[in-house]
Amino acid sequence: MPKSIVESLLVHAAANPERTALICKGERVTYAQLARWVTGFAHSLIDMGLTRGGRVVMQTEQSIAFAVCHMATHLAGGVFVPAERSASAEAVRDLAGTVDAHLMITGKDVDWKLHVEPDRILPMALDRADATDDLSLPSGDEPAEMLFTTGTTGKSKGVLCSHKSVVGVAENLVYGMEYAKDTLIVVPGPLNHANAIRKLSAA
């Protein structure tokens with residue numbers, strides 16, 4: 001049984017390379033293509049100095065690049081921290097400071113030690129897609145994500161989720177909702193919310 005969502009992706013890519021993994025804004029992405037991008041961007045993150053447990057903050061957007069960054073961060077050994085899409089540049093910077101982020105990914109003009117524009121993710125992934133360096137899959141007990149509450153009822157609180165817990169919730173969705181191999185899962189909600197990002201993982 002896969003110990004992480006990114007391991008599950010790689011298993012699916014090997015078994016069903018031409019099966020559709022994602023559809024976004026009319027573009028279909030196969031499991032093989034998604035795995036290639038994820039692997040390439042994981043190498044890029046490591047090239048930028050990301051180490052195991054390092055935080056990557058990305059302002060959420062409904063895009064293929066977001067899905068690639070999410071899983072590439074896991075494959076590189078990092079912890080993915082999604083920031084609310086409508087958050088101001090100051091709020092995103094404050095979040096990055098709170099989690100001591102190694103890298104921030106946002107389209108906003110933010111002063112941070114290492115900053116990448118979202119539209120650079122796929123080109124960077126393709127640049128390193130053919131890298132042959134070995135990448136270590138995360139263990140189930142390693143941290144995968146840090147999700148924050150919206151703060152509407154008080155100060156925003158962060159929860160650190162392990163890969164094992166992310167896989168467990170995804171499996172609960174798959175079996176509880178009786179998803180089949182050809183089930184199309186629509187993810188309309190903001191991807192910094194647990195419900196939406198878990199649907200993305202279950203897909």
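Reader: Is Leu34 buried or exposed?

Author: Leu34 is buried, with a relative accessible area of 3%. Buried means under 20% relative accessible area, exposed means over 50%, and partly exposed lies in between, using a 1.4 Å probe and protein chains only. This is a predicted model, in which local features need pLDDT of at least 70 and side-chain atom pairs count only at pLDDT 80 or more, while totals for chains, interfaces and linings use all residues. Residues are numbered from 1 along each chain as its sequence is written, and side-chain values use heavy atoms, with hydrogens and water left out.

Reader: How many helices and strands are in the protein chain, and where is the place of Leu34?

Author: Helices (H or I, at least four residues) and strands (E, at least two) are DSSP runs, numbered from the N terminus. The protein chain has seven helices and eight strands, and Leu34 sits in helix α2. Of the chain's 203 residues, 46% count as buried.

Reader: Which residues is Leu34 in contact with, leaving aside its neighbours within four places in sequence?

Author: Contact means heavy atoms within 4.5 Å. With those neighbours set aside, Leu34 is in contact with Leu9, Ala21, Leu22, Val29, Val68 and Met71.

Reader: How do I read the length of helix α2?

Author: Compare the span with an expected one, which is 1.5 Å times one less than the number of residues. Helix α2 (residues 31-47) has 17 residues and reaches 24 Å from its first C-alpha to its last, close to the expected 24 Å. Its buried residues, among them Tyr31, Trp37, Val38 and Phe41, pack against α1, β1 (20-24), β2 (27-30), α3, β5 (103-105) and α5 (121-127). After α2 comes Gly49, with a positive phi near 95°.

Reader: Which residues of α3 are buried?

Author: Twelve of the twelve residues of α3 are buried, so this helix is largely enclosed by the rest of the structure. They include Ile64, Val68, Met71 and Leu75. Helix α3 reaches 17 Å from its first C-alpha to its last, close to the 16 Å expected. Just after α3, Gly77 has a positive phi of about 90°.

Reader: At what angle do α1 and α3 pack?

Author: Axes are lines fitted to C-alpha atoms, for helices over the stretch in contact, and angles run from 0 to 180 degrees between N-to-C directions. Under 35 degrees counts as roughly parallel, over 145 as roughly antiparallel, 65 to 115 as roughly perpendicular, and the rest as oblique. Helix α1 (residues 5-15) and helix α3 (residues 64-75) pack at about 105°, with their axes 8 Å apart. The two are therefore roughly perpendicular to each other. Ile5, Val6, Leu9 and Leu10 in α1 meet Met71, His74 and Leu75 in α3.

Reader: Which residues touch the most other members of the largest nonpolar core?

Author: A nonpolar core is a set of buried Ala, Val, Leu, Ile, Met, Phe, Trp, Tyr and Cys residues joined through side-chain atoms within 4.5 Å. The largest here has 42 residues, of which Leu34, Val38, Phe41, Val68, Cys69, Ile105 and Ile121 touch the most other members. Helix α3 gives the most to this core, with nine residues. A second, separate core of 14 residues includes Val57, Ala87, Leu95 and Val110.

Reader: Where is Lys25 found, and what is its phi?

Author: Lys25 is in the loop between β1 and β2. Its phi is near 55°, a positive value in a residue other than glycine. At 77% relative accessibility, Lys25 counts as exposed.
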